[in-house]
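Reader: I am new to this structure and would like a friendly tour. Could you take me through it in questions and answers?

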Amino acid sequence: MMELVRELALYEKAPEQVTVALDHFEESGFGANPVWWAFVAEEDGVIAGMALYYIRYSTWKGQRMYLEDIVVTGSHRGKGIGKLLFDQLLVEAREKQFSGMMWQVLDWNEPAINFYKKYNAKFDPEWLNANIDL
């Protein structure tokens, strides 16, 4: 899964931004108190893609799924794997009774934007992203 994260960072032209240690990544998802969950797609025993999410809480909407990353390896794109992963996320969100799903997409990532438009996704022009690194 970390290899997929690195591949995504390379695609997004920010490989130096991946600073999480593998043991922290594993503990955060597979440890006693996971903070993220994921679906993995395999083809012929090889991981072809993944969708990793966590629970976000909105004081206005309640619990919402936050899609952190959805990535399909370059050699497996165009085979419907992204759609399978995204559809599974929607099933999971409904089963867990989340009020919706949120994510970010880079403004230049036209293939991803067009993919999300097929789901009638709403793109918010008002909110700016902000963060503080500690």
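Predicted model: local features only at pLDDT ≥ 70, side-chain atom pairs only at ≥ 80, totals over all residues.

Reader: How many residues are in the second, separate core?
Author: In soluble globular proteins, nonpolar side chains tend to be buried together. Here a second core stands separate, and among its members are Leu4, Val5, Leu8 and Phe25. The number of residues in this second core is nine.

Reader: Which residues does Leu85 touch, leaving out those up to four places away in sequence?
Author: Leu85 is one of the residues that touch the most other members of the largest core. Leaving out residues up to four places away in sequence, its contacts are Phe39, Val40, Ala41, Gly49, Met50, Ala51, Ile70, Val71 and Val72.

Reader: Let's turn to charges. How far apart are the closest N and O atoms of Arg6 and Glu3?
Author: Both Arg6 and Glu3 lie in helix H1 (residues 2-11), three residues apart, which is about one turn of the helix. Arg6 is partly exposed at a relative accessible area of 39%, while Glu3 counts as exposed at 58%. The two form a salt bridge, and their closest N and O atoms are apart by 3.2 Å.

Reader: Why does the salt bridge of Glu7 and Arg77 tie together parts that are apart in sequence, and by how many residues?
Author: The side chains of Glu7 and Arg77 meet at 3.9 Å, N to O. Glu7 counts as partly exposed at 28% relative accessibility, and Arg77 counts as partly exposed at 42%. Because Glu7 lies in helix H1 and Arg77 in the loop between E3 and H3, the parts that this pair ties together are apart in sequence by 70 residues.

Reader: Within what arc do the buried residues of H2 fall?
Author: Helix H2 (residues 22-30) has the buried residues Phe25, Ser28 and Gly29. Seen down the helix axis, they line one face of H2 because they fall within an arc of 85°.

Reader: What do those buried residues of H2 pack against?
Author: The face of H2 turned away from its buried side carries the exposed residues Asp23, Glu27 and Phe30. On the buried side, the residues pack against H1 and E2.

Reader: Last one: which side chain of opposite charge is nearest to Asp69?
Author: Asp69 is found in strand E3. Not counting residues up to four places away in sequence, Asp69 touches Leu8, Met50, Ala51 and Leu52. Asp69 is buried yet has no salt bridge, and at 11 Å the nearest side chain of opposite charge is Arg77.

Note on methods:
Residues numbered from 1 in each chain as written. Heavy atoms only, no water. Core = buried A, V, L, I, M, F, W, Y, C linked by side-chain atoms within 4.5 Å. Buried < 20%, exposed > 50% of the residue type's maximum accessible area, 1.4 Å probe, protein only. Contact = heavy atoms within 4.5 Å. Salt bridge = Lys/Arg side-chain N within 4 Å of Asp/Glu carboxyl O. Helix = DSSP H or I, 4+ residues; strand = E, 2+ residues; numbered from the N terminus. Arc of directions from axis to C-beta. Lys, Arg positive; Asp, Glu negative; His and termini not counted.
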